[in-house]
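Student: I'm new to this one and would like to learn how to read its features. Could you take me through them step by step?

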Amino acid sequence: MALGLLLGLGRAMRRKRPSSLQILSSKRAPRDYYKGKNCKSTGFHTRKGGYVVMDEKLPSYVVPDLTGFKLKPYVSQCPRDMTSTGATAAAK
């Protein structure tokens, strides 16, 4: 009898997780909880319902000058078979 009680308690302890370890999602949270997609805001909302975009918050991309670059931006999905050179054959 005592052994069955102890086994049942042990089984119950293994099944339950502490609430601090559970992942908070919109299904386990209050009704007005919105997790979002980890995006940065690019501006702010005004009092009258508008939205002002701030140039400081917009991402700026630095692209190098690629004139005279030998490689092309396209990568084929069907690559050609490569033959082994002397260096790779010697390494084997």
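Student: Which residues make the nonpolar surface patch?
Tutor: Bear in mind that this is a predicted model. A patch of this kind gathers nonpolar side chains that lie within 5 Å and have over 30% relative accessible area. Here, Tyr-51, Val-53 and Leu-58 make a patch of about 260 Å².

Student: Let's take Leu-58. Where is Leu-58 found?
Tutor: Look at the loop between E2 and H2: that's where Leu-58 sits.

Student: Why is Leu-58 called partly exposed?
Tutor: The label covers values between the buried limit, under 20%, and the exposed one, over 50%. Leu-58 has a relative accessible area of 38%, so it counts as partly exposed.

Student: And Asp-65, is it buried or exposed?
Tutor: Asp-65 is exposed, because its relative accessible area is 64% and the label needs over 50%. Asp-65 lies in the loop between strand E2 (51-53) and helix H2 (86-91).

Student: What does the side chain of Asp-65 make a polar contact with?
Tutor: For that, we look for N or O atoms within 3.5 Å. The partner is the side chain of Thr-67, at 3.1 Å.

Student: Now the whole chain. What pattern does the protein follow along the sequence?
Tutor: Reading along, you get α-β-β-α, with two helices and two strands in the protein.

Technical notes. Residues numbered from 1 in each chain as written. Predicted model: local features only at pLDDT ≥ 70, side-chain atom pairs only at ≥ 80, totals over all residues. Heavy atoms only, no water. Helix = DSSP H or I, 4+ residues; strand = E, 2+ residues; numbered from the N terminus. Buried < 20%, exposed > 50% of the residue type's maximum accessible area, 1.4 Å probe, protein only. Polar contact = N/O pair within 3.5 Å; in protein donor to acceptor, adjacent residues only side chain to side chain. Patch = residues over 30% accessible without salt bridge, like charges linked within 9 Å, V, L, I, M, F, W, Y side chains within 5 Å. Areas by Shrake-Rupley, 256 points an atom, 1.4 Å probe, with all protein chains shown as cover. Salt bridge = Lys/Arg side-chain N within 4 Å of Asp/Glu carboxyl O.
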